[in-house]
Amino acid sequence: MKVPEKILTILREEKNFLIATHINPDGDAIGSALALSIALESMGKKTSVYSRDPVPGFYRFMPGHKRFTSSLKNALKTDPVLILLDCNSPERAAIDRYEFRCPVIIDHHETERDFGDVRWVDRAAAATGLMIFYLIKSMGIKFTKDMATNLYTAISVDTGTFRYSNTNPGVLRASAELIESGAKPNLIADYLYESWDRRRFDLLMMTLNTLEIQNRIAIMHITSDMFRKTRTKPEDTENFSNFPRIINSVKISAVFREIGKGVWKASLRSKGDVNVAKIAELYDGGGHKNAAGFKIKADLESARKALLKAYKKINDK
Ligand code: 5GP
Ligand code: MN
């Protein structure tokens, strides 16, 4: 993977950086931001790490997670260069109210917006963490255990721990190198897959009970009431939409999560060639071919119908 020379020059020459990532940050967003922050600080640079939403509890094993702040106030005082990770529009990071010097975008999403002075958007990259892996290497910085743990986690999350179609020799070679630098695959897998809070599991069971399948599209939903009953938070639903993919006939799996009165957030997953990013784009959302999302203002029944209609529309094209 070739890192744009312009990015390397900016990282070498500038002193203050604001590393920001998308709302509801996942393991790739968090791991990429933390590894880059740790690497830049090892070169004597100053970094602030921003996400509007807090790091979910189950990602708090990631070294340096306390670097995250949800306030831009202090960071902006230093007139930092913005590095936007794992998304490519200021709206996705909820920073669209501000002006930034020399925004640098490092991302791998299929849905692209026109923002930033330097854009490195590689849809073929399995994870933003993989791009940061090559970036840190190109800077001549040696991976510490903390950087390696963050990047290995980032890559694990976005490849379903080496199961999705984006898993390739390059991903495995980079991951092997991260293991050599101190990342512990078994511990990270334990944290990611075997450390759920009981309440999160209760919410999953409740969500699975809402499953309906129509035309090989599995649809589930989560109401505010279900969060209240299980005393869980929206972040606890990460990857719930993956579960119905277990069923062999299912080709799209969707979860509608209530985010306000009559407003739903759809989380979509698909198998093989079915491109859910194309569906999400119809509703101003986005993502990857096999994982995407969008927001919709409607009652649940209409939201469901909208999804089925959108699927028909992308198929008819
Ligand atoms: P999830 O279903 O886990 O929330 O998101 C799946 C993928 O779609 C992630 O890569 C996420 O960044 C992207 N995504 C989810 N919702 C949106 C959205 O509203 N807009 C865009 N551009 N991407 C989204
Ligand atoms: Mn990602």
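In the predicted model, an oxygen atom of ligand 1 is placed 3.4 Å from an N or O atom in the side chain of His288, a polar contact being a pair of N or O atoms within 3.5 Å. Ser267 brings a polar side-chain atom to 2.6 Å from an oxygen atom of ligand 1, and a side-chain N or O atom of Lys265 lies 2.8 Å from a nitrogen atom of the ligand. On its own, ligand 1 has 500 Å² of accessible area (Shrake-Rupley method, 1.4 Å probe), of which the protein covers 80%.

The shell around ligand 1 (residues with a heavy atom within 4 Å) includes Arg92, His109 and Arg269. By class, this shell holds two nonpolar, seven polar and three charged residues; Asp, Glu, Lys and Arg count as charged, Ala, Val, Leu, Ile, Met, Phe, Trp, Tyr, Cys and Pro as nonpolar, and the others, Gly among them, as polar. At least two shell residues come from each of β10 (263–270), β11 (286–287) and β12 (291–297), strands being DSSP runs (E) of at least two residues.

The second largest pocket contains about 230 Å³ of space. Of its 13 lining residues, Asp197, Arg199, Lys233, Glu235 and Asp236 are the closest to the centre. A pocket is an open set of points on a 1 Å grid where a 1.4 Å probe fits, with protein on both sides within 12 Å along at least five of seven lines, and lining residues have an atom within 4 Å of a point. The lining comprises two nonpolar, three polar and eight charged residues. Because domain 1 (5–193) and domain 2 (199–315) both contribute to this lining, the pocket lies between them.

Residues are numbered from 1 along each chain, and ligands are numbered from 1 in the order written. Local features require pLDDT of at least 70, and side-chain atom pairs pLDDT 80 or more, with hydrogens and water left out of side-chain values.

Methods
Polar contact = N/O pair within 3.5 Å; in protein donor to acceptor, adjacent residues only side chain to side chain. Helix = DSSP H or I, 4+ residues; strand = E, 2+ residues; numbered from the N terminus. Points joined across faces, edges and corners; volume = space filled by probe spheres on them. Domains from an automatic or database assignment.
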